Amino acid sequence: MVSDVFLSETALSIWAKTNFWHSAPPEDVGKQWLPLAVHMADSGEVAELIWDNYLSQRQRKLLVEPLLRVKGIKAPSEKALDLLKLIVGAHDIGKCSPMFLTQNTELYERIFKNSDDSLTKCQRAEELRGACPHSWIGEIAFEKWLESRWNPGDPEKKYVSATAKQLGSIIGAHHGRPVSWQRHRDMANPNLPGVINGDKTWEQTRRELLDWWMNWTGSQEIIDQCQGLIFPTTWQSLVAGITVMSDWIASNQELFPLVAWNDLYPERLLSAGHHRQRTKAAWEKLHLPPSWQPEMISHDPDELLQTLFALDADAHARPAQVAAVKAAEKMALPGMMVIEEVMGAGKTEAALMAATILAKRAGTSGVLVALPTKATTDAMFTRVVEWAQTSAKSGFSLKLQHGNAALNSVYKKIQYGRIASAGNAVSPGQSSSMGIDEESGHSRQPAVVHRWFNKKAALLASVVVCTVDHLLFSALQTKHVSLRHLGISDKVVIIDEVHSYDVYTSQFLKRTVQWLGAFGVPVIALSATLTRRAREELFAAYKKGQELKQAAQGKDKGAVAFDASVFAAMRKPQPAGSGTAAAPAKEKESDSSSQSPIYPALSYSDVQGVKVRPLPVLATKEIEVEHWEDDAGLVADLQTRLQNGGCALVVRNTVANAQRTYETLRGIFGEDVRLVHSRFTQQDRQDNDEWLMRTFGKPGKSRRPKQTIVVGTQVVEQSLDIDFDVLYSDLAPIDLLFQRMGRVHRHERENRPAAVAEPSCILMGVPGKQDSKPQVDPGSSYVYDEDVLLRTAAYVLDKEGKGEVWRIPEDIGTAVAAVYEESVVTPDLWSDTLQRTRKNKEDKAYSKTEGAAIGLLAPPRNTDTASLIDWLGGNNPDGDPDEMGIVGVRDGDSGVEVLLVEQQGEGIAAIPTDRHPESREIDLQELPSGALRERLVRSLVSIPSARLRVKGRGLEEAVDEFVHELEKETRDLGVNWEKDFMLRGQLVVPLQGGEYRTGFGKTISYRRDVGLQIFDTDSDV
């Protein structure tokens, strides 16, 4: 639609974009600019294209819902689009102000030189600019304009209605950070200095532009109708997300070109035919892929499994997969499903099968799979891509989102879309992922990695596989959170290893689930070891979000405090067989209030509440468990058990202990010992994982040695389908012990050596019953909560006292409940210690909860006081918690990431790897080539901040000194990679003889068999 109202020359001369600020434009282009009116039309029409071509029917319904409360409203969908276009196009109205326009003196002076005297000229006020961004100026202007329409007889009305504040707050949030209440009051003050927003002449010009834009969009009727309406924060956030998306697209000067400097009043750009062609050409050039739309291949679980995962016709769905399909077909929508099943029982396939059905039923057009770590995310990526391609009706956009996604070999091979390039979305030289699966005969649709879906826009892709952080950012007070909300609002969301987050991170998990419930997003949570209370809390959070629609009037009920005890207490994030056949459990359903643990189980939300369905147990694995108070007997026991061969796994809770154990065992068993942990370079970690799979994977797919000892840390618990004959493990929380036990006799094998023919596990560091002051290893209590470790030890001792064998999966539910719900029988002599550790746990949990609250996004609300004002807190328009390091969604030691190189004389070289045994000299006069760049990035490793601690200094001081030292070292070496998107800003550590000595008494050592070590320079290490 185009306005029949003509703009004055003054209004047309207000500029929004230019290609010259403080420096001259490119010589071959010349000076260019773009009127604000044209940018309003560009962004508003992009919003309509997004409505028609990107948003799903479900998302459009969410945007229509508030308008259904208008009595007698006709064509509500069209009215919702009109309102959306009005807001999106008006987002930059604050640029019609002295504060913004005086940034470019030449363009500002031209306004007065070539137009009439209808505007009062104001001076530049640079000192106020940072506190008065145009987004906040525009918010107040839009509020006043709405009130002038709703109350035309009271132009000086000081009171602004709740509806005007709600709609205006979207304008104020379009640069990512909404205004605070204090700054809102300041900006709305009629005595605000004129150098900020001007006088009445400026207000009149803003109103002229808004009136013109209202006429263009045909939104007069809906503006009048929405007076007094309540718009929930879910609606406001979605519209804010669409506003940001539209603005970013319309601001791309290759898509929407500027006009020549001498083109003073380009009214032709606002003519019907010309502007329609302008937006059409831009959208075709952008070439966003279509959304993922699932095709319902079959309702039979076996056929669905075989088709989606290209399996043979004799493959049959497992109990969890059958139950997931049935639940997805009948559960109430929107709704949530939780699958609790033993390791290796096909939970991932069950979730994806259910997601296919839920997406079809709910009308969603995407899926997001969130996992705890980069390693688990990479391991999951290929499976999700193949499933999505098989289940899709047509091509779709895809995103792998974590810090090292660019290094994923599968991801790199997938075709790339092109922004601002004519033609199709495939870049030259990129291989295609489209094809026919010869086994199933089912076509696979193309997955496109479009470059527009990047960084904060990553979740806007249809199919997203990411570390859980990127999902939890949806509950973090961070800039452009609305863009993330737009991304998650129309996906089936799968959260893996949902049990594995500590008290701090679980605050963001619960709030995220609440927002997902408010958006009506189907959620599937997976866990091998989830407590009953944790499950109930997740469902409660989801239900709390669903109740948003019922709270259109009245006061907020307020946020319910998170029960910190329901997730594994004070534990850093750690993600989650074969044997004797057992009789299938009788299938039944119960409500979630049942007090006895049900495991394995599938739970789902229903109209009557949460239904918990026990899953049949098809096989039981019995494990012989021994326990030692320390690790003194490790060497002798290994010599005895492995005298005729065998493969042993030794899991230590800290990297330092694992390295010491490796050195000890290597001196005795020689090359039969290998070490794996998280402090290897990215390349060496990948090589270690691939070696584990080649060596200890499924029978027929691995080459198992006669004898090997693998010493590792928590990395062996996650996503690796590996099988050992015997397990030695440090005492760990009960749920993680079961995860580790899942690596013992995981597959059926013939001819295991007699001494390890039956599965066995030896736990090290278990205190004795007679210890009046039981203690756990200090390193273990640094990683895990001491109270949980002691209660796990008590469970081990109680199990031994009763003479009971450990049985998987039957024992998992009971054991996890006993430890985390503190019902386990504990030795009498431990009572004083447990009283202390429990108090410490509660104190830490409270502290972590309070710490998370600093950055926790407010829950979704649906009241007349609910707007985006003060949504993120603070008065700084540029402040961003995730960019400034104020708060994050994880509480662990993020460390200092460094890039390891070899120093060779005055130059440097890339360090050797298994794939590149020789070092490679780096020419510092040129940017590294593609292959060398990737090799360097794969040499990154993270140094734990705690290992840099120096006696007599604060940790923060030591870390800062280390970073500054490396920055200087990098400059002195002549490294200048600032123009390389993967290498810019990297801190280089030049190793000499495998070591680097800092200036404050620390030595950094790296050996390819041991990994990274940090020790005092004057020590004997």
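In which helix is the place of A327? A327 belongs to helix α17, in a model that is predicted.

- A327 is buried, because its relative accessible area is 2% and buried means under 20%.
- Leaving aside residues up to four places away in sequence, A327 touches M337, L602 and Y604.
- A327 and L358 are 31 residues apart along the chain, and their C-alpha atoms are separated by 9.6 Å.

**H402 in a loop**

- H402 is found in the loop that runs between β6 (396–401) and α20 (409–413).
- With a relative accessible area of 8%, H402 is also a buried residue.
- The residues that H402 touches are K374, T377, D378, T467 and H470, when residues up to four places away in sequence are not counted.

**The packing of α9 and α14**

- Two packed helices are described by the angle between their axes and by the distance between those axes.
- For helix α9 (residues 162–172) and helix α14 (residues 233–250), the angle is about 30 degrees and the axes are 9 Å apart.
- The two helices α9 and α14 are therefore roughly parallel to each other, because angles under 35 degrees count as roughly parallel.
- The crossing of α9 and α14 is right-handed.
- On the α9 side, the contact is made by Q166, L167, S169 and I170. These residues meet W235, Q236, V239, A240 and T243 of α14.
- By type, the residues in this contact of α9 with α14 comprise 5 nonpolar, 4 polar and no charged.

**Cis peptide bonds**

- L333 and P334 are joined by a cis peptide bond, with omega about -5 degrees.
- P334 is placed in the loop between α17 (319–330) and β4 (336–340).
- Another cis peptide bond joins I808 and P809, and its omega is about 15 degrees.
- P809 is found in the loop between β23 (806–808) and α31 (810–820).

**Positive phi values outside glycine**

- K455 is a residue other than glycine with a positive phi, near 55 degrees. The loop between β9 (447–448) and β10 (463–467) holds K455.
- Is K455 buried or exposed? K455 is exposed, because its relative accessible area is 65% and exposed means over 50%.
- E497, likewise not a glycine, has a positive phi near 50 degrees. The loop between β11 (492–495) and α23 (503–519) is the place of E497.
- E497 counts as buried, at 7% relative accessibility, whereas K455 is exposed.

**Cysteines and disulfides**

- A disulfide is a covalent bond between the sulfur atoms of two cysteines.
- How many disulfides does the structure hold? The structure holds 0 disulfides.
- C132 is buried, with a relative accessible area of 4%.
- C466 is buried as well, at 0% relative accessibility.

Technical notes:
Residues are numbered from 1 along each chain as its sequence is written. This is a predicted model: local features need pLDDT of at least 70, side-chain atom pairs count only at pLDDT 80 or more; totals for chains, interfaces and linings use all residues. Side-chain values use heavy atoms; hydrogens and water are left out. A disulfide is a pair of cysteine sulfur atoms within 2.5 Å. Buried means under 20% relative accessible area, exposed over 50%, partly exposed in between (1.4 Å probe, protein chains only). Helices (H or I, at least four residues) and strands (E, at least two) are DSSP runs, numbered from the N terminus. Axes are lines fitted to C-alpha atoms, for helices over the stretch in contact, and angles run from 0 to 180 degrees between N-to-C directions. Angles under 35 degrees count as roughly parallel, over 145 as roughly antiparallel, 65 to 115 as roughly perpendicular and the rest as oblique. A crossing is left-handed if the near helix is turned anticlockwise from the far one by less than a right angle, and right-handed if clockwise. Contact means heavy atoms within 4.5 Å. Ala, Val, Leu, Ile, Met, Phe, Trp, Tyr, Cys and Pro count as nonpolar, Asp, Glu, Lys and Arg as charged, and the others, Gly among them, as polar.
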